[in-house]
Amino acid sequence: MQSSTGQAPLFAAHNSDVAQCWAPSRAFAAQPARPQTGTQASAEAATTDSTVPVYNLDNQEVGQYTLPGTIFGVPIRRDILHRVVRWQLARRQQGTHKTKTRAEVSGGGRKPRPQKGQGKARIGTIRAGQMRGGGVIHGPVVRSHEHSLNRKVRRLGMKCALARALDDHLNVLLSSAPRRSVLMVDSGKESSDGGSSLRRAAANLPWVDIIPQEGLNVYSILQRDQLFLTTSALDKVIHQLSQPIKR
């Protein structure tokens with residue numbers, strides 16, 4: 001998909017709860033929200049394309065961008081979003097937790113007392129699990145927390161996250177909050193539609209995160225209040241989600 005004008009860099013706003021320089025048109029806040037149930041109406045809405053305004057860095061509308069309904073019009077399924085977020089966080093977890101067993105703690109090289117004759121319980125080492133300073137029984141070990149998730153589910157989760165961001169833009173009114181978390185997506189770290197200059201400009205803004213299109217994920221979209229994409233990044237996202245899944 002291409003915008004009606006060839007100017008760059010251009011940003012497609014996906015939320016109206018933004019700073020003053022990014023405030024989108026009020027016309028989109030008045031549009032009815034797309035149904036989020038599994039009815040026939042939502043199935044028909046999924047095939048309807050949406051049109052959003054494109055703004056430059058001076059908050060001037062410079063064109064329109066058509067969002068395909070097959071990606072931005074899918075019903076928002078909270079169960080799919082939950083599964084994808086759990087899968088992402090499980091992959092990110094290091095899994096370096098470890099406790100020492102009775103074979104790894106220091107000491108306990110000899111039998112502390114005779115087996116018989118003293119009327120006490122038999123014991124072979126002072127580093128057994130029930131002893132003070134002994135090893136841990138059934139403690140955590142170094143392992144991977146990653147679990148598998150079908151590619152169809154992962155792709156559907158990305159579509160649901162993008163559809164949720166679009167619905168927030170349509171339904172949320174302008175807020176008086178001075179700062180809200182923002183996620184900005186460009187084509188790459190050295191691209192012409194953002195790149196290093198955009199990252200330097202937002203380096204001292206703690207509520208702004210900038211990631212390339214390759215790093216766009218469900219968890220980052222849900223974690224922020226607003227989502228901004230350049231037209232070049234949006235073209236790549238739509239192209240990627242429209243391709244058949246590789247087996």
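Patches are made of residues with over 30% relative accessible area and no salt bridge, like charges being joined within 9 Å and nonpolar side chains (Val, Leu, Ile, Met, Phe, Trp, Tyr) within 5 Å. The legends below refer to a predicted model, in which local features need pLDDT of at least 70 and side-chain atom pairs count only at pLDDT 80 or more, whereas totals for chains, interfaces and linings use all residues. Residues are numbered from 1 along each chain as its sequence is written, and side-chain values use heavy atoms, with hydrogens and water left out.

**View 1. A patch of positive charge on the surface includes Lys 246.** The residues that gather here are Arg 151, Lys 152, Lys 246 and Arg 247; Lys and Arg count as positive and Asp and Glu as negative, while His and the chain ends are not counted. The place of each charge is taken as NZ of Lys, CZ of Arg, CG of Asp or CD of Glu. Lys 246 lies in the segment after α7 (231-242), and with a relative accessible area of 68% Lys 246 is exposed. In these legends, buried means under 20% relative accessible area, exposed over 50%, and partly exposed in between (1.4 Å probe, protein chains only).

**View 2. The whole protein chain has seven helices and six strands.** Helices (H or I, at least four residues) and strands (E, at least two) are DSSP runs, numbered from the N terminus, and along the sequence they follow the pattern β-α-β-β-α-α-α-β-α-β-α-β-α. Of the 247 residues of the protein chain, 41% count as buried. The protein chain exposes about 14,700 Å², of which carbon and sulfur atoms supply 50%; accessible areas come from the Shrake-Rupley method with a 1.4 Å probe, and for residues only the protein chains shown count as cover. Among contacts (heavy atoms within 4.5 Å) between residues at least 6 apart in sequence, 74% join residues at least 24 apart.

**View 3. Arg 91 and Glu 146 meet through their side chains in a salt bridge.** A salt bridge is a side-chain nitrogen of Lys or Arg within 4 Å of a carboxyl oxygen of Asp or Glu, and by this rule the count comes to five salt bridges. Side chains of opposite charge can pair when their charged atoms come close. In the pair shown, the N to O distance is 2.9 Å. Because Glu 146 lies in the loop between α3 (78-92) and α4 (151-171) and Arg 91 in helix α3, the pair ties together parts that are 55 residues apart in sequence. Glu 146 counts as partly exposed at 46% relative accessibility, and Arg 91 likewise counts as partly exposed, at 47%.

**View 4. Asp 209 forms a salt bridge with Arg 224.** The closest N and O atoms of Asp 209 and Arg 224 are 2.1 Å apart. This pair links distant parts of the chain, with Asp 209 in strand β5 (residues 208-212) and Arg 224 in the loop between α6 (218-223) and β6 (226-230), 15 residues apart. Asp 209 counts as partly exposed at 29% relative accessibility, whereas Arg 224 is buried, with a relative accessible area of 18%.

**View 5. Asp 79 forms a salt bridge with Arg 77.** Here the closest N and O atoms are 2.7 Å apart. Asp 79 is partly exposed, with a relative accessible area of 40%, and Arg 77 counts as partly exposed at 39% relative accessibility.

**View 6. His 145 is found in the loop between α3 and α4.** His 145 is buried, with a relative accessible area of 18%, and, leaving aside its neighbours within four places in sequence, His 145 is in contact with Ala 90, Gln 93, Gly 95 and His 97. The C-alpha atoms of His 145 and Gln 93 are separated by 6.7 Å, although these residues are 52 residues apart along the chain. Arg 92, found in helix α3, is exposed, with a relative accessible area of 57%, and the C-alpha atoms of Arg 92 and Ser 144 are separated by 9.6 Å.

**View 7. His 138 has a positive phi.** Most residues other than glycine have a negative phi, and most peptide bonds are trans. For His 138, phi is near 55 degrees; His 138 has its place in the loop between α3 and α4 and counts as exposed at 81% relative accessibility.
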